[in-house]
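Trainee: Hi! Could you walk me through this structure? I'm seeing it for the first time.
Mentor: Happy to, let's open it up.

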2 protein chains.
Amino acid sequence: MTTPPRSVTIAVDAMSGDLGPEAVIPAVTGILRDRPGLEILLCGRPEIIEPLLPQTEALRARIHIEAAQDVVTMDDSPSRVLRAKKDSSMRRAILAVAEGRAAACLSSGNTGALMALAYMILKTLPGIDRPAICTPIPARGRPTLMLDLGANLEASDEHLVQFALMGTTLARAVYGIEEPTVGLLNVGSEETKGHETLRRAHRRLADGFPGYHGYVEGHDIHAGVVNVIVTDGFTGNVALKTAEGFALYLSGILREEFAASWLSRLEAVVASSVLKRVRRRLDPGRYNGASFLGLRGIVVKSHGGSNAYAVRQALERTLQEVAYDVPGHLAARLAPPPHEVTAV
Amino acid sequence: MTTPPRSVTIAVDAMSGDLGPEAVIPAVTGILRDRPGLEILLCGRPEIIEPLLPQTEALRARIHIEAAQDVVTMDDSPSRVLRAKKDSSMRRAILAVAEGRAAACLSSGNTGALMALAYMILKTLPGIDRPAICTPIPARGRPTLMLDLGANLEASDEHLVQFALMGTTLARAVYGIEEPTVGLLNVGSEETKGHETLRRAHRRLADGFPGYHGYVEGHDIHAGVVNVIVTDGFTGNVALKTAEGFALYLSGILREEFAASWLSRLEAVVASSVLKRVRRRLDPGRYNGASFLGLRGIVVKSHGGSNAYAVRQALERTLQEVAYDVPGHLAARLAPPPHEVTAV
């Protein structure tokens, strides 16, 4: 695992998420305290941000404010944001990356708008057709990185191969594994399963893609069978939300059953320390941070409902991507091998 | 809820599933004991079946044996089964339905082979292009019926509309609801979400399909938002297996946490009655039985790993489909409204 370079600036969309600066600023203060080389560029309305900043002079000196008057809401369509919200905190944070004033940016705002702005301002790396969204999913052992989670509803075999490159590059950054394993999501593990696009992608990956494991199925996602799972954005989005919904359903059942009788209520009290640990292990905040991969810059999306703890986790992920230089490594893997230069 | 007609024969593939007749025959004996009007046609090898039959004369008289020498294994490809296993217990059970000697058939065997045989022998109803696989999924309130779960990897808007008809007809049979609600699985609930095929299906369903709720998302599957969820077989298969995998992952975590210390092991003992009830509520055997819909006959697939309890649940589902006459009701909904016949 690489350590972050000495001095790094991260641009943060301070106005984003349900809690806005109330979650963002405590997270920023916390990470500044623990990471001496870090500086934060907070984008948003100064009159709202400033009263919330830490009093400590030393921390305050490492927070810079970039004024932005517009705020992107969860209901704004991407086209409206592109057209009518030119001075948004979200856009300013991405521009800071494009202009080299920040090494990465983080926002808890509207996913569609963030992707549209990031794609338009940063563009994709040469050899990448479309960016993809990738997030860690709790699994046995290490979390599984899955992509795409909704940036592309359909994906060609070429796109799926590109997703495999992006996902394994992120896995190197996040887990420090030299050759992460990668699987292609299908409805069975036999060669004959799946539609033609998947089978084409499978043949291409099987033909020498480092760490390629083959097909995986829905039940492999949480089993931790591979480090990276590649799929189209429609399937990935449905799978992710299905698991989230199942977790909610199950916690409802547990609550009901523990509330069913005086005896079971007593059991709930006794079991509560274990159940708390289970809840902590599955806390979505712990896995917070969806990476937008394939762009010429690092963009991380924090969940809209994030609290300060969750924003902090997403900031840590952002720093890992900076430390490893995910776009640089991805670009190097995409570039054709250089010709040998012969000294004359 | 309708009651099964007085005398009904169900054809059962006695050789199917990991446990074969060891699970099938106790399930058959149990249901015969509780349902006086029922008769069972057991298809398979008489020399294996006969020693396992109940001793009670009255039950034994309602079990008929149809000899079949071949057994379809889980590894057999559908084409091999069609070509080389003409005398399989699976094929005999479906033939009994085609020839009117049984009202429905049940098998715990290879899904692909069962679908191929059922499709070839029974054919689809007029107005149905392809059969679909539908199973109940545990959800808040009533289980949600989801289809397709893998018979069709891709689905046109016409197919999705047909799935909605099939699924709501099954919901009437199983839950006795006159107008079951139905949702179309997508990545968001806004009109603009999803690819073109989905949007076309959405417009057609929104134009007067009884009980149509609109788009639903992955997290709605277990929330019980609608009675029936319609999707293509690829997405449905991935979603179903993702949830199954998550359940396994979670039970692993619970085990780990309860085993973590002497205190938590004690908590496990105390909490065990509640955890047992939760496990029972989620027991896949309880929801066992995947209906093959759209065929000119009733075919139910029981899980390959089914024990006697699970096979019994699938038999009960089969009886519900017979009692309601799912293919008949589906055919009536597919037929154009009849012209009025004027008496002269």
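**Two chains and their parts**

Mentor: This is a predicted model. In it, 46 residues of chain B are in contact with 46 residues of chain A.
Trainee: Which helices of chain B supply at least two residues each to the side that touches chain A?
Mentor: Those are helix H9 (233-258) and helix H10 (262-282) of chain B. H9(B) gives the largest share of that side, with 21 residues.
Trainee: And how do the residues on that side divide into nonpolar, polar and charged?
Mentor: On the side of chain B that touches chain A, 23 are nonpolar, 13 are polar and ten are charged.
Trainee: What rotation superposes chain B on chain A?
Mentor: A rotation of 180 degrees does it, with 0.0 Å of shift along the axis and an RMSD of 0.0 Å. The two copies are therefore related as by a two-fold rotation axis. Both copies use the same surface, as 100% of the contact residues of chain B recur in chain A.
Trainee: New topic: how is chain A divided into domains?
Mentor: Domain 1 covers 1-128 + 294-325, and domain 2 covers 129-287. In chain A, the C-alpha centres of domain 1 and domain 2 lie 26 Å apart.
Trainee: How many residues does the contact take from each domain?
Mentor: The contact takes 17 residues from domain 1 of chain A and 14 residues from domain 2 of chain A. On the domain 1 side, helix H6 (111-122) and helix H11 (308-324) of chain A are the elements giving two or more residues. H11(A) has the largest share of that side, seven residues.
Trainee: Okay, what about the sheet, what order do the strands of chain A have?
Mentor: In chain A, eleven strands form an open sheet with mixed pairing, in the order E3-E2-E1-E4-E11-E10-E5-E6-E9-E7-E8.
Trainee: Which strands stand at the edges?
Mentor: Strand E3 (63-67) and strand E8 (212-216) of chain A do; each has a single partner strand, so one side of each is left without a neighbour in the sheet. On average, neighbouring strands of this sheet are turned by 25 degrees against each other, direction ignored.
Trainee: In what sense do E6 and E9 of chain A pair?
Mentor: Strand E6 (residues 144-147) and strand E9 (residues 228-230) of chain A pair in the parallel sense, over three bridges. One pair to look at is A:Met146 with its bridge partner A:Ile229 in E9(A).
Trainee: And what does H6(A) touch on the sheet?
Mentor: H6(A) packs on the sheet against strand E4 (104-107), strand E10 (290-293) and strand E11 (298-301) of chain A. The direction of H6(A) makes about 175 degrees with that of E11(A).

Conventions: Residues numbered from 1 in each chain as written. Chains lettered and ligands numbered in written order. Predicted model: local features only at pLDDT ≥ 70, side-chain atom pairs only at ≥ 80, totals over all residues. Contact = placed C-beta atoms within 7 Å. Helix = DSSP H or I, 4+ residues; strand = E, 2+ residues; numbered from the N terminus. Nonpolar A, V, L, I, M, F, W, Y, C, P; charged D, E, K, R; others polar. Domains from an automatic or database assignment. Least-squares fit on C-alpha atoms with pLDDT ≥ 70 in both. Pairing = 2+ DSSP bridges. Axes fitted to C-alpha atoms, helices over the stretch in contact; angles between N-to-C directions.
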